[in-house]
Amino acid sequence: MSRILLIGKTGQIGQELECVLTPLHDVIAPDRAQLDLTNADSIRRVIAEARPEIVINAAAYTQVDAAEKEAALAMQLNGVAPDIIAECVKKIDGLLVHYSTLFVFDGTKNGPYLENDAPNPLGTYGRSKLAGDEAIVASGCSHIILRVNWIYSVRRSNFVLTMLKLARERASLNIVADQVGSPTAAAACATAMMGMLHKGRALRDLTGIYNLAAQGQCTRLEWAQAVIDGAKACSGRYDGWAELQPTTTAANPQPAARPLNTVADCGKIRRVMGIEMAPWKTSIEKLLRGLYPVSM
Ligand SMILES: NC(=O)c1ccc[n+]([C@@H]2O[C@H](COP(=O)([O-])OP(=O)(O)OC[C@H]3O[C@@H](n4cnc5c(N)ncnc54)[C@H](OP(=O)(O)O)[C@@H]3O)[C@@H](O)[C@H]2O)c1
């Protein structure tokens, strides 16, 4: 059993982490009123009082488009706060586990991204997350930075829940077919964390940046289609779903530019920690079976 401070317990990954960690570990999970990432004093006070062996930071500014208008806030949460957390973790000789993103890359690589590929974020969100990664590494604290992407769960807002809603409301949906990634369930990230924590103190010696993603890759259009096909099968309702039409990222400009390729090479976390995620479709089907349990 480890004493763990979990920051961001209300987020997609944070909620799943709290569920799996609490039965087995001594978990302290402050809400935003107790630990606000914009308030350095609250970060320092909570970590000093809790004196955890491990701090897991699953909190962040995650609104990719809004970040373009709220750059200072995004940088405060994603760039400055991780620096302060890392400084505190170093002071108590703890381990910091921090979530980052494949959006630190520009998406132009022909093939999956490795952890040590040169970052080149396209937008404010990616730049702010990269600043956080760099600050943690520079702090010298023991750290595990997990680069994840295309996260979904049954809670908050994400691509899967949006597709399930819009596909029932509309006859047709245009979905980009030129963005490729690996849809990854927040629940699978939490299971991976349990695997890492089994290593106990040895985890501290594995300090570094790790990609963490579901096996396989798909386009956003294929992801949407898998969600709808799964929902049809799990709900037993085959009519009344939108038809999907392919479109391009260029034809659908958003405030923040998106990297077209966010596929991660997860060989490092497999080799070093023995962590292997399920194929992306398996986790989507699992989530949908939970959403439509009556028909199963
Ligand atoms: N979602 C994705 O597709 C994705 C992709 C790549 C990387 N990531 C990374 O994965 C991690 C988790 O993402 P997620 O999707 O699980 O996040 P999320 O669902 O958007 O949740 C964000 C969390 O941060 C908390 N938070 C926001 N502002 C805060 C503040 N000022 N002080 C304290 N807490 C604050 C939120 O608390 P409230 O409930 O109070 O708002 C919430 O607990 C993040 O580091 C994110 O950058 C996510």
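Is the crossing of helix 7 and helix 9 left-handed or right-handed?

A: Happy to walk you through it. This is a predicted model, in which local features need pLDDT of at least 70 and side-chain atom pairs count only at pLDDT 80 or more, while totals for chains, interfaces and linings use all residues. Residues are numbered from 1 along each chain as its sequence is written, and side-chain values use heavy atoms, with hydrogens and water left out.

Helix 7 and helix 9 make a right-handed crossing (the near helix is turned clockwise from the far one by less than a right angle). Helices here are DSSP runs of H or I with at least four residues, numbered from the N terminus. The axes of helix 7 (residues 220-235) and helix 9 (residues 280-291) come within 9 Å and cross at roughly 40°; axes are lines fitted to C-alpha atoms over the stretch in contact, and angles run from 0 to 180 degrees between N-to-C directions.

Contact means heavy atoms within 4.5 Å. On the helix 7 side the contact is made by Glu222, Trp223, Ala226, Val227, Gly230, Ala231 and Cys234, and on the helix 9 side by Trp280, Lys281, Ile284, Leu288 and Arg289. By class, this contact has eight nonpolar, one polar and three charged residues (Ala, Val, Leu, Ile, Met, Phe, Trp, Tyr, Cys and Pro count as nonpolar, Asp, Glu, Lys and Arg as charged, and the others, Gly among them, as polar).

Trp223 also belongs to the largest nonpolar core, where Ile56, Leu146 and Trp223 touch the most other members of the 69 residues. Such a core is a set of buried Ala, Val, Leu, Ile, Met, Phe, Trp, Tyr and Cys residues joined through side-chain atoms within 4.5 Å, buried being under 20% relative accessible area with a 1.4 Å probe, protein chains only. Helix 6 (residues 186-197) gives this core its largest share, nine residues. Leaving aside residues up to four places away in sequence, Leu146 touches residues including Val97, Met193, Met196 and Ile269.

For another pair, look at helix 3 (residues 71-91) and helix 4 (residues 124-139), which pack at about 15° with axes 8 Å apart. They are therefore roughly parallel to each other, and helix 3 passes helix 4 in a right-handed crossing.

Notes: Buried means under 20% relative accessible area, exposed over 50%, partly exposed in between (1.4 Å probe, protein chains only). Helices (H or I, at least four residues) and strands (E, at least two) are DSSP runs, numbered from the N terminus. Angles under 35 degrees count as roughly parallel, over 145 as roughly antiparallel, 65 to 115 as roughly perpendicular and the rest as oblique.
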